[in-house]
Amino acid sequence: MENLIALVDCNNFYASCERLFQPRLRDRPVVVLSNNDGCVIARSNEAKALGIGMGDPWHLNKDKFDRHGVVVRSSNYTLYGDISARVVTVLRGFTPELEVYSIDEAFLSFEGFADPMAHARKLRGTVLQWTGIPVSVGIAPTKTLAKVANRLAKKGEGRDGVFMLTHQHEQIAALEKLDLTDLWGVAGRLAKRLAELGIHTPLQLRDADPGILRQRLGVVVQRLALELRGTPCHEMALSVPDNKTILASRSFGRAVTERSEFEESVASHIARAAEKLRRQKLTAGAVMVFAQTNQFRTQDRQYSASRTIALPVASADTLVLTNAALRAAGCIWREGFRYKKAGITLLELGSASKVQGDLWTPADTPRQRALMQAMDRINAEHGRDTMRLAVSGVKRGWTLRSEQRSQRYTTSWNELLSVD
Amino acid sequence: MQQFDIRACEARISISVPVFVCYVPAGFPSPADDYLDHPLDFNELLIAHPAATFAVRVAGDSMTGAGIYAGDIAVVDRAVTAIDGSIVLVILDGEFTIKRYRCRARGRGVWLEAANPAYPPMPITEDRAFEVWGVVRYAIRRL
């Protein structure tokens with residue numbers, strides 16, 4: 001049998017995570033809001049059935065949600081990230097080759113399994129039992145077709161949330177049910193350009209001349225067509241590529257106009273990112289800081305700027321990185337604007353064991369490293385930000401709005417589920 | 001057979017290096033070398049299936065007879081299937097509760113027992129929404 005690829009996709013992932021610890025949410029419509037409680041980013045099936053759309057702004061729909069008894073949750077990425085890692089751990093038991101594609105999707109190599117359907121059903125049952133998360137599985141010879149199969153599995157084709165597209169005639173029948181924009185990587189704009197070539201359906205794309213596609217629309221579209229025919233063009237990316245940068249940015253809960261608040265936010269992003277850096281045994285060679293106003297508030301004067309400061313010697317020390325970030329922050333700060341968002345990026349990441357000091361600037365000393373270790377340990381044991389630099393703020397008026405966040409059931413001793 | 005005596009040496013910089021505890025015969029490594037001494041790891045003791053194990057905080061006194069008290073942290077494993085006598089975390093009519101799971105063979109009935117005479121047994125009838133969430137493996141309590 002040819003090589004098969006399975007796409008495992010968690011059903012309504014964020015809503016499923018919320019329901020795992022809150023059984024009362026099970027048969028009610030649930031929506032999860034974006035950072036800052038802005039708009040809907042995840043919906044349970046019941047919420048979809050009410051016609052609630054992705055991206056619907058919460059503040060415009062409060063009445064409608066109340067009327068239908070919709071349960072609204074702020075996004076709880078700490079919880080979703082932990083549950084996602086658990087799902088991946090279980091999946092690794094079902095394949096030697098796995099590629100994590102997003103927080104709720106993974107491609108698995110299904111090469112060499114005698115009965116892929118049975119294997120997938122067992123996988124699905126185990127993920128559900130171990131983590132409580134329902135998943136759908138699409139199996140096909142290429143990633144693009146596995147995406148198609150998964151989409152149809154979610155719509156109830158196949159059996160028990162598993163759908164397989166191995167034979168040509170099955171693939172053709174499946175593609176007949178979809179629009180171009182249902183395909184992996186086809187957005188409205190590309191669909192328009194395809195239409196100009198007379199291609200209006202996935203099947204027409206599949207059967208189009210690959211040479212012409214390449215010539216007119218580029219190699220990406222050519223590959224897409226080949227993948228639809230069952231010719232694999234997207235290899236499995238087996239290891240998660242090394243993070244080249246670490247980014248931390250948030251919208252402010254309200255417009256920030258004070259320099260001290262902006263600096264607090266930058267310092268606190270650095271603290272978070274530096275901790276991540278040390279966990280991966282990396283150092284950063286440069287720090288980028290950015291700030292921007294709210295471009296949707298057309299009545300406000302607009303400004304956005306970023307500044308990158310290179311360190312003389314790569315470092316993982318929060319104090320060193322904070323110093324650099326605050327210098328950059330000082331360069332971009334302008335009085336008189338209402339800032340909406342600030343963030344930092346750590347760049348030029350390298351292995352901590354390979355750092356060499358130069359004549360004037362030594363690399364992080366054992367003393368610095370010991371201090372950072374102690375800080376990380378204290379924060380791991382006693383909760384985030386127990387120990388932090390005073391510059392990252394004590395009041396924190398700017399913190400994200402997340403008024404209806406559920407507990408961090410799996411990552412904080414103080415927020416465990418309480419059971420009678 | 002040649003033998004090497006491998007000794008620990010003082011580490012000047014702080015890198016943790018495992019110390020072998022037996023001689024290493026050249027050619028055929030001893031199977032015992034796989035068992036390096038390492039500090040006791042309570043995760044290893046308490047968590048059989050990391051991806052399926054969750055911690056919950058106990059409230060209430062219905063399981064004191066089984067050694068589970070209010071304030072304890074219960075270690076719950078979803079990978080384990082409940083059998084007659086297991087202590088389980090269940091969802092009953094939309095509420096979480098920890099009880100002892102009892103079932104008779106051939107589907108002749110399932111019920112939940114508290115480990116406290118003040119609470120009567122609860123038969124699981126078909127009209128109740130019931131689900132075993134996981135099996136409680138340990139209760140952790142500060143003395």
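User: What must hold before two strands are said to pair?

Analyst: Two strands pair if DSSP finds at least two bridges between them. In this predicted model, strand β14 of chain A, residues 417-419, is joined to β3(B) by three bridges. The two strands run parallel.

User: Which residue of β3(B) is the bridge partner of Val419(A)?

Analyst: The partner of Val419(A) is Val58(B).

User: How is the size of an interface often given?

Analyst: It is often given as the accessible area that is lost when the parts come together. Here, about 2,100 Å² is buried between chain B and chain A, and carbon and sulfur atoms give 56% of this area. On the side of chain B, Ala51(B), Arg78(B) and Phe96(B) lose the most area to chain A, together 28% of what that side buries.

User: How many residues are in contact across the two chains?

Analyst: In chain B, 28 residues are in contact with 22 residues of chain A.

User: Which elements of chain B give two or more residues to the side that touches chain A?

Analyst: They are β3 (53-58), β5 (87-92), β6 (95-103) and β9 (130-140) of chain B. The most is given by β3(B), with six residues. By class, that side of chain B has 16 nonpolar, six polar and six charged residues.

Notes: Residues are numbered from 1 along each chain as its sequence is written. Chains are lettered from A and ligands numbered from 1 in the order in which they are written. This is a predicted model: local features need pLDDT of at least 70, side-chain atom pairs count only at pLDDT 80 or more; totals for chains, interfaces and linings use all residues. Side-chain values use heavy atoms; hydrogens and water are left out. Contact means heavy atoms within 4.5 Å. Buried area is the accessible area (1.4 Å probe) that two parts lose on being put together, summed over both. Helices (H or I, at least four residues) and strands (E, at least two) are DSSP runs, numbered from the N terminus. Ala, Val, Leu, Ile, Met, Phe, Trp, Tyr, Cys and Pro count as nonpolar, Asp, Glu, Lys and Arg as charged, and the others, Gly among them, as polar.
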